[in-house]
Amino acid sequence: MESSRDNAETLLSTVTKLQVQPKEVRKLFRQRKLPDNISTGSLCLGYLQANFIMMDKEYADDYETFSKMNSAPLPLIYRSNPGEIEWPNYSTPDTDIRVDVGRYCVYRRGCDEEEIYPELISLPEPWDNMVTFYIGCSYSFYKYLSDA
């Protein structure tokens, strides 16, 4: 009898080999069908991938300035409006950044004690005040480096 871990590994292998569309990978994460600790570097090769940082809108202007002053390590791709949960022009209308990732590391008040969550939607954050920054990620060009 196959365990859920075996099923997840089989699904991950299939997703990696077939190179499914980003929309499908987000759906699999949302349904918790992929392991939460996998690297997305081998998934959706050739598509733009990003890391993201969410914060209260109170700090967003300062972070944007910081990011622009440090554009090599923090290339800013997109800054959301407060409460915006999708990534216009890069994602589908059903995208929700709070549930479409394998796991989330949450840092509060600048502390280095991280908390790991499978999704963010159940946290008591004031989502209407949250701004998301999408930061460039090396996984976007991983395929091209591997092929070289």
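Analyst: Start with exposure: a residue is buried under 20% relative accessible area, exposed over 50%, and partly exposed in between. This is a predicted model. In this model R79 has a relative accessible area of 24%, so R79 counts as partly exposed.

User: How many salt bridges does a search of the whole structure find?

Analyst: In general, side chains of opposite charge can pair when their charged atoms come close. Here the search of the whole structure gives 6 salt bridges. One of them joins the side chains of D61 and R79, with 2.9 Å from N to O. This pair links distant parts of the chain, with D61 in helix α3 (residues 57–69) and R79 in strand β2 (residues 76–79), 18 residues apart.

User: Which residue forms a salt bridge with R79 at 2.5 Å between the closest N and O atoms?

Analyst: That residue is E64. The pair again connects distant parts of the chain, E64 lying in helix α3 and R79 in strand β2, 15 residues apart.

User: Is E64 buried or exposed?

Analyst: E64 is buried, at 18% relative accessible area. Its salt-bridge partner K68 is exposed, at 54%.

User: How are K68 and E64 placed in helix α3?

Analyst: They are 4 residues apart in helix α3, which means a separation of about one helical turn.

User: Which residues do salt bridges with shared partners join into one network?

Analyst: The network consists of D61, E64, K68 and R79.

How values were computed. Residues are numbered from 1 along each chain as its sequence is written. This is a predicted model: local features need pLDDT of at least 70, side-chain atom pairs count only at pLDDT 80 or more; totals for chains, interfaces and linings use all residues. Side-chain values use heavy atoms; hydrogens and water are left out. A salt bridge is a side-chain nitrogen of Lys or Arg within 4 Å of a carboxyl oxygen of Asp or Glu. Helices (H or I, at least four residues) and strands (E, at least two) are DSSP runs, numbered from the N terminus. Buried means under 20% relative accessible area, exposed over 50%, partly exposed in between (1.4 Å probe, protein chains only).
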